Amino acid sequence: MSLRPSVDTLVSRLKLRHLRIVVALSELGSLARVAERFHVSPAAISKTLAEIEEIAGAELFERGRRGMHPTELGEEVIRCATFVGAQLTQMAEFVQSTREGTRGRLTIAYRTLSVQPLLAQAVCEFHEANPLVSVNVAEGAVDDLIDQITEGELDLLFAYKDPRFERSELLSTPVVNGQRLVVVASPGHPLLRSPKISAEALTQQQWVLPAWGSRLQYHLEAAFQAHDLQAPTRGIRTSDVPMTLYVLRNANFLAVLPARIAAQLVSVGMAKTLRFNLASRVEPVMVVRNAVLRPRRSAAAFIDFIMRRAKHAGLLTTDVRHEPAEIGSHHG
């Protein structure tokens, strides 16, 4: 006997309010908090939850003193409900853009210095060409940003190639080729006068160190381990570019940077390249997006936009496929 009639019956009984309540309960963990969010009584939320659990034929949440926690079935329902919610949000944005003549929004994030100059230039030029697109730059740890992509909250993530991107729901494409790492010094650093510099001497210097857990920190540690030494630990640890530049300009510090970033600092007199071969490279920078949700027109257009500029600047020599798009009169 076909199971299709029972599936159709289940779908016909599910309502949008059921899905919204399930997602809210997974986020807030209590009936009272969800009731406050939706401006209804806890009894009304409890009734809605009972309805969807009756439809599902099983409990979706375990009740305890420390709140409500999803069951295995509940986790799957939450995942699907979140996906449906993201699709409905995109539909609402399309309706709004048609009604109000806007072009929607574009939310991006980046987790690497290598792409920052390209990304900053591309965002400015893209905004100038598409002033009705609201461009937002998000922040967060890579795992959190991946979750935001999966949930449809974040359009594009620019980050070094990472095993965490190898998931069926993610699509990643190179946007900047891998490049070597170099050591730069403040313009007046004493080591610049040394004809030969040892790795051990570098460990005794003050550094602007990469953030813990970053790819630059990983490569810095690996480079010094190749000399049977621990990586430098003295100095200031930050992933903030303005802070790095400020420190290099005002005191004698060293820093490790991708070659193209280092070249830009050298060209404007903010740093000098140290005569030391670090013998290390960073991975390509990838642009990561949701492979399941259809991308917003603004996101598809921005991918095409930044790819063209990366190739023109010589940052991307690999022939990659992407989705060219023009915003035109479509939703962004």
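Which residue stands opposite Leu-171 in E13? It is Arg-289. Hi everyone, let me walk you through where that pair sits.

A word on the ground rules. This is a predicted model, so local features need pLDDT of at least 70 and side-chain atom pairs count only at pLDDT 80 or more, while totals for chains, interfaces and linings use all residues. Residues are numbered from 1 along each chain as its sequence is written, and side-chain values use heavy atoms, with hydrogens and water left out.

Now, the sheet. Five strands make up an open sheet with mixed pairing, in the order E4-E3-E5-E13-E6. Strands here are DSSP runs of E with at least two residues, helices are runs of H or I with at least four, and both are numbered from the N terminus. Two strands pair if DSSP finds at least two bridges between them. At the edges stand E4 (134-138) and E6 (170-176), each with a single partner strand, so one side of each has no neighbour in the sheet.

Let's look at E13, residues 285-290. E6 and E13 run antiparallel and are joined by six bridges; in one of these contacts, Thr-173 has Val-287 of E13 as its bridge partner. Strand E5 (residues 156-160) also pairs with E13 in the antiparallel sense, over four bridges. There, Ala-159 has Met-286 as its bridge partner.

Is E13 enclosed or left open? Six of its six residues are buried, so E13 is largely enclosed by the rest of the structure. Buried means under 20% relative accessible area, exposed means over 50%, and partly exposed is in between, using a 1.4 Å probe and protein chains only.

On to salt bridges: the whole structure has 12 of them. To count, a side-chain nitrogen of Lys or Arg must be within 4 Å of a carboxyl oxygen of Asp or Glu.

Take Glu-51 and Arg-17, whose closest N and O atoms are 3.0 Å apart. Glu-51 is in helix H4 (residues 42-56) and Arg-17 in helix H2 (residues 16-28), so this pair ties together parts 34 residues apart in sequence. Glu-51 is partly exposed at 24% relative accessibility, and Arg-17 is partly exposed at 41%.

Another salt bridge joins Arg-63 and Glu-53, at 3.1 Å from N to O. Arg-63 belongs to strand E1 (residues 61-64) and Glu-53 to helix H4, so they tie together parts 10 residues apart in sequence. Arg-63 is partly exposed at 46%, whereas Glu-53 is buried at 11%.

Finally, Asp-143, Asp-162 and Arg-164 are linked in a network of salt bridges.
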